Amino acid sequence: MFSLTAHGAAEEVGRSAFVLDFGEKFLLDYGIKLNPESVDYPLEINEHVKAVILSHAHLDHSGLLPYFYKKSECLSFMTQPTLDISDVLWKDSIKIAEFEGMAPKYNKAEIERTHRYNFVAPYKKELHLTKEVSLEFFDAGHILGSALTKLTFNDKSFLYTGDYKLEETRLHKGCDMSVGKVDYVMIESTYGDRIHPNRKDVEKRFCESVQETINSGGWAIVPVLAVGRSQEVLDVLSNYHIDADIYLDGMGKQMAEIYIKHSDLIKDPKQLKRALNDAIWVKGQSGRKKALKKPCIIVTTSGMMKGGPVVGYLEKLINDPRSKIHLTSYQAEGTPGRMLMDEGKVPFGKDGSIIKPLCKYEKFEFSAHPSQEEMLKSLKAWDPKKVFLVHGDKKVMPVFKKKIESTLGIETVVLQMGKKIEFD
Ligand SMILES: [Zn+2]
Ligand SMILES: [Zn+2]
């Protein structure tokens with residue numbers, strides 16, 4: 001008998017953490033949930049786990065690992081880019097916590113300790129974690145270094161998708177489907193109730209909108225997530241040959257360096273390098289002043305406009321009717337980006353008073369997650385006898401469960417927080 005317990009990401013998106021008892025216990029991901037005003041943590045791990053496996057570097061999957069290593073001595077497994085990106089994000093989390101006057105959950109020494117217990121695992125190489133359990137990573141196509149985790153115990157196999165993308169995007173080929181058939185799948189459900197618009201159409205509309213903004217004498221502001229989206233947006237823009245300077249600001253710069261370092265894992269490394277090198281990397285306030293001198297494209301964090309350099313740019317441009325905000329990522333409830341899309345208003349200035357901006361704004365659906373269609377297609381190929389749903393909003397889960405059961409006839413379980421599910 002095996003078991004699976006969600007310590008987070010059960011009927012919610014964020015703080016992924018799952019304990020799989022597969023002969024021995026393994027912790028799959030250990031992330032946090034960033035809310036607009038607070039952070040949610042997964043349930044404590046009080047049991048002895050044999051190893052931790054990280055699917056990818058996004059904080060909702062990796063953010064609490066150094067806290068786990070305050071007391072743990074087991075090995076962790078992840079790809080090299082996941083480790084490189086996580087390291088930057090962990091260090092940044094300490095800075096943000098201190099800046100916001102909150103006590104960080106871990107310190108720099110604990111990040112160093114986390115590195116000591118890490119074992120870097122490449123894609124498509126089977127590693128024996130114990131005598132009976134082996135691990136193999138496959139490219140998940142979600143962000144640089146993201147992995148599908150396949151665990152095998154004797155003749156039984158379990159696949160954890162983490163966040164993945166089946167369709168190809170500008171940067172990634174789409175997830176590696178050579179995993180083949182497995183017995184059990186634990187799958188993300190972010191867009192389990194939705195079909196995405198055609199990617200190429202979205203890219204075209206986005207570039208046209210940026211071009212129109214420049215032509216009308218305005219600034220095209222593109223708030224982006226530092227990991228993945230900022231590199232992808234630069235790649236898309238560079239390919240469209242818009243006649244304007246493109247500025248890159250915020251943490252996307254540090255991440256761009258990691259993308260360049262591991263560009264062999266990218267679909268078209270040359271094109272990405274060209275796009276990143278063509279952009280002007282903003283250095284400090286003088287760089288920002290320069291960007292505001294004449295109409296241009298500003299690609300900057302944060303993606304939901306909650307903080308980061310985008311706030312400074314908006315102070316100058318939010319009431320310029322020629323300029324336009326191009327949102328490119330998921331906008332969480334309670335963030336300025338979400339408020340802008342839902343109500344046409346944003347908190348502004350030091351006192352956070354709510355204003356109706358005069359600049360234009362639009363959201364573009366660049367998703368790094370699979371649509372319902374893509375997930376059904378991949379589940380059909382993996383052909384498991386049981387599916388476990390995680391990483392999706394409460395209202396999405398029953399819709400997706402029903403769809404899987406009615407179209408594929410596979411028994412599907414929605415994981416609930418802290419509730420152990422047994423299976424064999
Ligand atoms: Zn992710
Ligand atoms: Zn995620």
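How many salt bridges does the count come to? The count comes to 28 salt bridges. Keep in mind that this is a predicted model. I'll walk through a few of those pairs, then the charged surface, the cysteines and some backbone details.

Start with Lys 294. Where is Lys 294 found? Lys 294 sits in the loop between α9 and β17, and that strand covers 297-300. Lys 294 is exposed, because its relative accessible area is 54% and exposed means over 50%. Its salt-bridge partner is Asp 245. The closest N and O atoms of that pair are 3.9 Å apart. This pair links distant parts of the chain. Lys 294 is in the loop between α9 and β17, while Asp 245 is in the loop between α6 (229-240) and β15 (246-249). The two are 49 residues apart. Asp 245 counts as partly exposed, at 33% relative accessibility.

Stay with Lys 294 for a moment. Lys 294 and Ala 244 are 50 residues apart in sequence. In space, C-alpha to C-alpha, they are 9.4 Å apart.

Next pair: Lys 253 and Asp 249. They form a salt bridge, with the closest N and O atoms 4.0 Å apart. Is Asp 249 buried or exposed? Asp 249 is buried, with a relative accessible area of 1%.

Asp 249 also brings us to Pro 309. Pro 309 has its place in the loop between β17 and α10. How far apart are Pro 309 and Asp 249? In sequence, they are 60 residues apart. In space, the C-alpha to C-alpha distance is 6.8 Å. Pro 309 counts as buried, because its relative accessibility is 15% and buried means under 20%. So at this spot both residues are buried: Asp 249 at 1% and Pro 309 at 15%.

Arg 194 counts as partly exposed, at 39% relative accessibility. Asp 193 is partly exposed as well, with a relative accessible area of 33%.

Now the surface. Which residues form a positive surface patch? Lys 289, Lys 290, Lys 293 and Lys 316 form it. Take Lys 289 from that group. Lys 289 is found in helix α9, which covers residues 284-291. Lys 289 is exposed, with a relative accessible area of 63%.

On to the cysteines. How many disulfides does the structure hold? The structure holds 0 disulfides. A disulfide needs the two sulfur atoms within 2.5 Å. Cys 296 counts as buried, at 1% relative accessibility. Cys 74 is another buried cysteine, at 8% relative accessibility.

Last, the backbone. What joins Thr 301 and Ser 302? A cis peptide bond does, with omega about 0°. Ser 302 is found in the loop between β17 and α10, a helix covering 310-317. Recall that Pro 309 has its place in the loop between β17 and α10 too.

One is Arg 15, with a phi of about 45°. Arg 15 lies in the loop between β1 (2-8) and β2 (17-22). Arg 15 is buried, with a relative accessible area of 14%. The other is Asn 154, with a phi of about 50°. Asn 154 has its place in the loop between β11 (147-153) and β12 (156-160). Is Asn 154 buried or partly exposed? At 49% relative accessibility, Asn 154 counts as partly exposed.

Definitions and conventions: Residues numbered from 1 in each chain as written. Chains lettered and ligands numbered in written order. Predicted model: local features only at pLDDT ≥ 70, side-chain atom pairs only at ≥ 80, totals over all residues. Heavy atoms only, no water. Patch = residues over 30% accessible without salt bridge, like charges linked within 9 Å, V, L, I, M, F, W, Y side chains within 5 Å. Areas by Shrake-Rupley, 256 points an atom, 1.4 Å probe, with all protein chains shown as cover. Salt bridge = Lys/Arg side-chain N within 4 Å of Asp/Glu carboxyl O. Lys, Arg positive; Asp, Glu negative; His and termini not counted. Charge placed at Lys NZ, Arg CZ, Asp CG, Glu CD. Helix = DSSP H or I, 4+ residues; strand = E, 2+ residues; numbered from the N terminus. Buried < 20%, exposed > 50% of the residue type's maximum accessible area, 1.4 Å probe, protein only.
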